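Please look over the sequence and the structure before reading on. The briefing below goes through the contacts, sheets and helix packing by topic.

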Number of protein chains: 2
Amino acid sequence: MKAVERWSIFELALPGPAEGNPFVEVTLSAQFMYRNRVLYVDGFYDGEGRYRVRFMPDTPGEWRYVTQSNCPTLDGQKGTFLCTDAMPGNHGPVRVHNTYHFAYEDGTPYFPVGTTCYAWIHQGDALEEQTLETLQRSPFNKLRMCVFPKHYTYNENEPVYYPFERNATGGWDFTRFNPAFFHHIEQRIGQLCALGIEADLILFHPYDRWGFADMGAEADDRYLRYVVARLAAYRNVWWSLANEYDLMESKKMADWDRFFRIIQTCDPYGHPRSVHNCRQFYDHAKPWVTHCSVQHSDPGRVREWRELYGKPVVVDECQYEGNIEEHWGNITAQELVHRFWEGTVGGGYVGHGETYRHPEDILWWSKGGVLHGQSPARIAFLRRILEEGPTGGLDPLIHTWRGKAAGKAGEYYLFYFGVHQPSEYTFDLPEGGRYQAEIIDTWGMTITQLEGAFGGRFKLQLPGRPYHAVRFRRV
Amino acid sequence: MKAVERWSIFELALPGPAEGNPFVEVTLSAQFMYRNRVLYVDGFYDGEGRYRVRFMPDTPGEWRYVTQSNCPTLDGQKGTFLCTDAMPGNHGPVRVHNTYHFAYEDGTPYFPVGTTCYAWIHQGDALEEQTLETLQRSPFNKLRMCVFPKHYTYNENEPVYYPFERNATGGWDFTRFNPAFFHHIEQRIGQLCALGIEADLILFHPYDRWGFADMGAEADDRYLRYVVARLAAYRNVWWSLANEYDLMESKKMADWDRFFRIIQTCDPYGHPRSVHNCRQFYDHAKPWVTHCSVQHSDPGRVREWRELYGKPVVVDECQYEGNIEEHWGNITAQELVHRFWEGTVGGGYVGHGETYRHPEDILWWSKGGVLHGQSPARIAFLRRILEEGPTGGLDPLIHTWRGKAAGKAGEYYLFYFGVHQPSEYTFDLPEGGRYQAEIIDTWGMTITQLEGAFGGRFKLQLPGRPYHAVRFRRV
């Protein structure tokens with residue numbers, strides 16, 4: 001019996017008709033069964049008479065399947081396979097955990113530390129491989145990336161692959177997908193998976209000169225179903241319905257709601273679902289949103305959004321380290337690191353991006369390549385602190401005019417002072433517990449443990465310099 | 001005939017009864033007349049049988065006066081005096097000018113660059129004289145100061161003078177003012193006037209262990225009338241009804257409204273009137289408020305408050321440079337200077353304070369003394385820029401996601417980039433005009449003029465470092 005690692009891909013390949021337009025004329029799906037449990041999975045046409053059904057088994061043991069199709073040669077195909085235990089490093093897909101946080105399906109904590117390379121898969125192999133090498137050495141475990149190619153400032157190049165076939169008059173035939181395009185993105189998603197990086201797939205975006213931003217509802221929906229059928233079996237996939245959805249004038253709020261429901265209905269695994277805003281948040285309280293993907297320059301407000309939506313808050317864009325003239329792409333590394341910490345002590349997660357001018361317009365935020373900035377090292381330092389913290393994540397515990405701290409009540413407190421530089425500070429931790437204290441220089445990346453243990457109300461001498469944190473861990 | 005300089009003090013001293021309680025039993029006022037114009041001025045009892053009426057003439061020429069009193073020896077006293085032209089440096093009292101700005105009564109622009117020494121007049125002569133010396137070498141032209149002594153962290157000392165006499169049981173007799181107290185504050189206000197510094201007098205405040213924060217309505221109102229009678233003739237007086245009025249639980253909103261109306265009714269000269277908040281702004285739209293005195297940590301919102309209230313906005317407290325443990329008193333000099341610039345390009349004014357720990361608790365913000373910080377030099381630099389700008393002040397002209405600038409349309413534009421560090425930037429100034437461009441390092445205090453003149457849409461290379469501004473002045 002064929003063996004497939006848990007949370008990896010079982011793929012059923014079937015030959016079938018190549019005539020006509022199989023993308024729209026042939027239906028294919030399968031039921032995957034483990035004991036009495038049944039999952040419904042859509043298949044897809046992969047060109048040249050090849051049909052596939054991809055499935056990510058989540059339970060070790062024997063699985064059965066049977067196909068359904070309007071094409072007799074594809075219908076009623078049955079089989080079994082064995083799902084084996086996950087190998088080290090494979091923790092399954094990411095789930096919302098502890099209301100405001102995330103964990104892999106095996107329970108391992110996942111603290112999103114994301115970056116953005118919107119159009120990296122449209123740059124050709126040399127640059128794309130360099131991007132993967134850079135990511136491997138980086139602290140980032142989530143990558144925001146567009147499915148469609150991108151047209152925008154600093155992004156004028158044509159992509160290598162297009163998602164659709166051309167029609168007879170040189171336009172796009174939105175009913176015929178280009179398998180080569182999808183083979184390519186699948187390779188990249190798989191490589192990210194091997195690096196332990198979640199692929200936060202941006203399904204629509206407004207930066208377009210080809211017409212993919214305005215295909216009409218029928219083509220939009222067909223595209224979403226096709227993408228889900230092809231990509232949902234990758235355990236590291238997240239669905240971001242759009243970047244700056246509110247700049248896409250051709251789509252209304254009802255379209256976004258419908259897109260969410262299509263994804264929610266078709267994806268058998270329930271990958272994380274959200275949508276990224278420009279000026280106005282989508283209503284993240286809607287039931288099909290799993291977490292808040294936010295663009296906002298003030299991650300100091302994370303706590304407020306947690307309370308508003310009752311879901312994890314990921315500030316995917318809070319402006320980028322760089323020196324371009326656009327406001328969103330020219331904050332200092334120090335300011336970006338500060339915003340990461342502000343979001344962290346608010347009980348949320350913040351994302352990175354880098355936009356330094358480049359003679360060939362290779363800006364990390366869009367094309368990838370190499371990193372030039374000073375923030376990634378500090379973000380790696382913060383990631384280490386998150387990973388040393390409570391497995392359930394940091395919740396905002398103290399938020400007064402005097403200061404802010406996140407952690408886990410009675411166990412762990414992480415204070416952050418930002419532009420404030422107290423040379424002494426009175427802490428007030430629960431009576432009874434004793435806590436080890438460490439002074440953290442968030443920019444200098446040092447952790448200095450203080451002598452003794454502390455509890456109740458006590459005063460500590462602090463460095464009197466900005467961008468410091470203090471960590472208390474129960475002894 | 002006695003001669004008095006314009007906007008200086010004419011004082012009429014009259015002997016009268018010392019028996020009983022003249023503070024409450026004897027009424028005294030005067031009419032001051034210039035041609036057909038009449039100003040109504042309250043007099044006051046100054047102890048030891050001395051009565052005074054103080055008047056600030058605003059028009060050169062011959063003035064007449066006549067007193068009214070319920071005491072025959074004080075009633076019907078008449079006389080004349082000659083008001084002479086103002087001497088150099090005497091520009092008269094400050095008025096609201098150009099809706100959102102200020103000017104002295106002679107038309108000279110006044111750009112408030114304030115600081116705070118709440119309790120400086122309660123520290124004894126040695127420290128008070130040192131404070132005056134420091135102020136003389138500082139960029140500050142407005143000083144927030146309390147009338148009443150202050151009880152608060154770092155402020156435990158008893159004052160030298162109390163505003164009231166003791167009663168027989170050791171409490172305060174709120175019906176009997178202490179002339180020595182007022183002679184002292186008058187001396188200090190006069191000294192500030194000589195230094196060109198506006199005395200922003202805080203009439204009530206909650207930091208109190210003596211009972212002055214909760215005297216009851218009758219005593220409050222009597223106190224206000226007495227203060228106005230004594231101090232309104234000083235041309236550099238501003239009325240700040242309270243510091244953190246919303247922390248004074250014994251007073252209701254109706255009390256604050258009444259206090260404003262008393263000041264407005266009794267002050268013959270219409271000195272600036274406002275009130276400073278802790279958590280919640282007083283409604284500065286009320287007609288008796290001349291300008292908004294704001295405590296808020298984000299002067300980036302000045303533009304919004306200008307629009308809301310239609311009056312000048314002075315962010316008197318945006319947190320202070322220092323290193324004490326309280327959040328409001330430990331921001332970096334760089335952050336404070338940044339907030340000054342943010343408020344400036346929003347079309348408002350920002351105030352300074354300094355709270356570095358001191359072995360004897362002599363913190364500038366409360367007691368005065370000397371300045372230790374790095375912000376005053378940069379604030380002096382900003383004051384110079386304000387004084388080199390349009391005489392009517394800077395109004396917010398450009399406010400987009402790309403950047404912010406204030407100035408005077410078609411003549412002057414001051415862009416400020418804050419934590420943003422563009423290495424190039426596309427400006428869009430009105431077609432037709434040509435502007436000289438200067439790059440300003442707000443922290444390094446340098447101004448670098450660029451070659452050439454610019455207009456319309458054009459791109460400049462910028463330093464690619466934070467806290468820079470660009471000034472355009474029409475050629």
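Which relation, roughly parallel or roughly perpendicular, do α4(B) and α5(B) have to each other? Helix α4 (residues 217-231) of chain B and helix α5 (residues 253-266) of chain B pack at an angle of about 30°, and their axes lie 10 Å apart. α4(B) and α5(B) are therefore roughly parallel to each other, where angles under 35 degrees count as roughly parallel, over 145 as roughly antiparallel, 65 to 115 as roughly perpendicular and the rest as oblique.

This is a predicted model, in which local features need pLDDT of at least 70 and side-chain atom pairs count only at pLDDT 80 or more, whereas totals for chains, interfaces and linings use all residues. Residues are numbered from 1 along each chain as its sequence is written, while chains are lettered from A and ligands numbered from 1 in the order in which they are written.

- The axes and angles used here follow one convention: axes are lines fitted to C-alpha atoms, for helices over the stretch in contact, and angles run from 0 to 180 degrees between N-to-C directions.
- Helices (H or I, at least four residues) and strands (E, at least two) are DSSP runs, numbered from the N terminus.
- The crossing of α4(B) and α5(B) is right-handed; a crossing is left-handed if the near helix is turned anticlockwise from the far one by less than a right angle, and right-handed if clockwise.
- From α4(B), the residues A217(B), D221(B), L224(B), R225(B) and V228(B) make the contact with D255(B), F259(B), I262(B), I263(B) and C266(B) of α5(B), two residues being in contact if their C-beta atoms, placed from the backbone, lie within 7 Å.
- By class, this contact of α4(B) with α5(B) holds seven nonpolar, no polar and three charged residues, where Ala, Val, Leu, Ile, Met, Phe, Trp, Tyr, Cys and Pro count as nonpolar, Asp, Glu, Lys and Arg as charged, and the others, Gly among them, as polar.

**Helix packing in chain A**

- Helix α7 (residues 333-345) of chain A and helix α9 (residues 375-388) of chain A pack at an angle of about 20° with their axes 9 Å apart, and that makes α7(A) roughly parallel to α9(A).
- α7(A) passes α9(A) in a right-handed crossing, and the contact brings A333(A), L336(A), V337(A), F340(A), W341(A) and T344(A) of α7(A) together with S375(A), R378(A), I379(A) and L382(A) of α9(A).
- The residues of this contact of α7(A) with α9(A) divide into seven nonpolar, two polar and one charged.

**Sheets**

- In chain A, an open sheet of six strands runs in the order β23-β24-β25-β30-β27-β28 with antiparallel pairing, where two strands pair if DSSP finds at least two bridges between them.
- The edge strands of this sheet are β23 (395-399) and β28 (446-449) of chain A, each of which pairs on one side only, and neighbouring strands are turned by 25° against each other on average, direction ignored.
- Strand β27 (residues 435-441) of chain A pairs with strand β30 (residues 468-474) of chain A in the antiparallel sense over seven bridges, and Y435(A) stands opposite R474(A) in β30(A).
- Helix α7 of chain A packs on this sheet, where it touches β23, β24 (404-408), β25 (412-416) and β30 of chain A, and its direction makes about 55° with that of β24(A).
- In chain B, five strands form an open sheet in the order β11-β12-β15-β16-β17, with parallel pairing.
- At the edges of that sheet stand β11 (114-116) and β17 (273-274) of chain B, each with a single partner strand, so one side of each is left without a neighbour in the sheet.
- Strand β16 (residues 237-242) of chain B runs parallel to β17(B) and is joined to β17(B) by two bridges, with S274(B) in β17(B) as the bridge partner of S240(B).

**Domains and chains**

- Chain A is divided into domain 1 (3-84), domain 2 (94-373) and domain 3 (396-474), with bounds that come from an automatic or database domain assignment.
- Between domain 1 and domain 2 of chain A, 17 residues of domain 1 are in contact with 15 residues of domain 2, and β4(A) gives the most to the domain 1 side, with six residues.
- Between the chains, 23 residues of chain A are in contact with 23 residues of chain B, and the largest share of the chain A side, three residues, comes from strand β26 (residues 424-428) of chain A.
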